[in-house]
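Welcome, and please open your viewer.

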Amino acid sequence: QSMPPKKKAAGSEEVPLSARFGRVKNTLKMGLVGLPNVGKSSLFNLLTRQAVAAENYPFCTIDPSEAKCPVPDQRFQFLVDLWKPPSVVPAVLSVWDIAGIIKGASEGAGLGNAFLSHIASVDGIFHVLRAFEDDAIVHVDDSVDPIRDLETIQSELCLKDIQSLEKTLADKTAAVRKEKGLGRSAEVTLPEHFQTTFDKVKALLEANKAVSTGEFTNIEVEIVKEEFNLITTKPIIYVINLSKRDFVRKRNKWLGKIGDWVKAHGGGLCIPFSVEFEEELFGLKDYPDQQKAFLDECTADAAAVGLTGPQFKAKSILPRIIKTGYKQLNLINFLTAGEKEVKAWTVFKGALAPQAAGVIHTDFERGFIKAEVASFDDFKALHGGVASMAKLKEAGKYRQEGKTYVMQDGDIVLFQFNVTGAKKK
């Protein structure tokens with residue numbers, strides 16, 4: 001059972017396997033997905049501090065709500081505290097709240113088809129699971145069973161992908177038939193790599209496994225990206241909603257079973273959290289003393305069952321959820337800092353300096369000359385308490401990089417560019 005995730009971790013290092021299939025863009029988004037009444041909209045409200053319908057009623061969020069979540073970053077905060085500029089702009093993770101799907105959604109049950117098309121439009125998925133008992137909050141299937149819920153969502157996503165796959169096959173067959181001038185009854189031979197990729201993808205989906213967990217050659221990855229429009233190629237983070245008591249004490253009868261299911265289905269990240277805990281904590285945000293007392297009380301409850309040490313100190317899990325989503329989308333950030341503004345900019349991992357410059361303004365990419373770069377770690381070690389690069393220049397740690405420089409997470413950058421009147425093509 002533990003073999004697939006080990007293989008995955010070794011093969012991908014820090015990059016998730018699903019990143020192979022991702023769009024190479026700087027404006028990627030995560031979707032909150034799950035059955036009705038598992039805590040999706042409540043989590044969304046907490047993540048974004050925006051009011052979204054979160055009534056206790058299935059299908060209350062028919063249209064997806066999108067919002068920008070600031071990505072917690074100590075490096076960014078360090079520069080803000082040093083420069084103290086009037087304008088402060090953190091990196092953001094775009095998150096959509098997608099209304100709950102139910103069994104049969106791939107056939108249009110509930111409002112299934114609309115929801116599944118919304119899932120198709122995001123780049124990664126936070127799959128919210130309910131592992132808490134509460135008679136006041138109705139479960140769509142009348143009882144709490146996160147393994148059943150996992151099977152429901154997984155099978156609906158796989159069924160939807162099989163439908164998409166069959167349509168792609170029909171379209172490809174028709175295109176080849178037309179290209180070769182074959183009649184409708186004539187047998188069509190599809191390109192070899194297309195057929196082998198199709199067979200491999202279909203076998204995974206029929207086994208109720210996400211396509212992202214499969215082994216593919218580079219050619220097959222390109223075919224999946226270019227030819228197939230699939231949902232299960234996206235990274236999935238399992239966010240497990242516990243009661244406050246279970247969250248504080250790190251105990252819940254479902255956690256081990258959920259972990260086993262995830263391993264058996266190709267592996268993935270699981271993050272236990274508690275809407276109940278987070279809402280109570282957030283509700284005290286204007287009362288720091290009461291908030292501290294609440295956290296101290298929760299930490300004491302954990303200590304009472306033998307959980308002591310910094311890892312058991314009660315704290316919000318929301319920053320971890322946001323940062324994990326950002327990393328799973330294969331995004332990094334670079335920083336610009338000055339008297340007027342400190343800003344964190346989002347780029348995809350592997351972006352070259354001119355592409356990063358283009359995130360600030362298209363003219364910066366078009367007229368790129370060079371990037372003046374310092375790593376954050378070098379800056380922190382050498383700046384000497386001054387909001388300036390002078391000390392780094394003295395130490396030879398303020399570099400000039402050209403068009404082939406691959407941006408690194410946490411780079412502090414100043415771009416030099418020149419744009420003439422005539423646009424270059």
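Start by selecting strand β7, residues 269-273, where you will find Cys270. Strands (E, at least two residues) and helices (H or I, at least four) are DSSP runs, numbered from the N terminus. This is a predicted model, in which local features need pLDDT of at least 70, side-chain atom pairs count only at pLDDT 80 or more, and totals for chains, interfaces and linings use all residues. Numbering runs from 1 along each chain as its sequence is written, and side-chain values use heavy atoms, with hydrogens and water left out.

Now show the neighbours of Cys270. Leaving aside residues up to four places away in sequence, Cys270 touches Tyr238, Ile240, Ile258, Val262 and Arg320, a contact being heavy atoms within 4.5 Å.

Move on to helix α12, residues 318-328, and pick Lys323. Lys323 is partly exposed, as its relative accessible area is 39%.

Finally, zoom out to the whole chain. It holds 16 helices and 12 strands, and buried residues make up 47% of its 425 residues. Of the contacts with a separation of 6 or more, 72% join residues 24 or more positions apart.

Conventions. Buried < 20%, exposed > 50% of the residue type's maximum accessible area, 1.4 Å probe, protein only.
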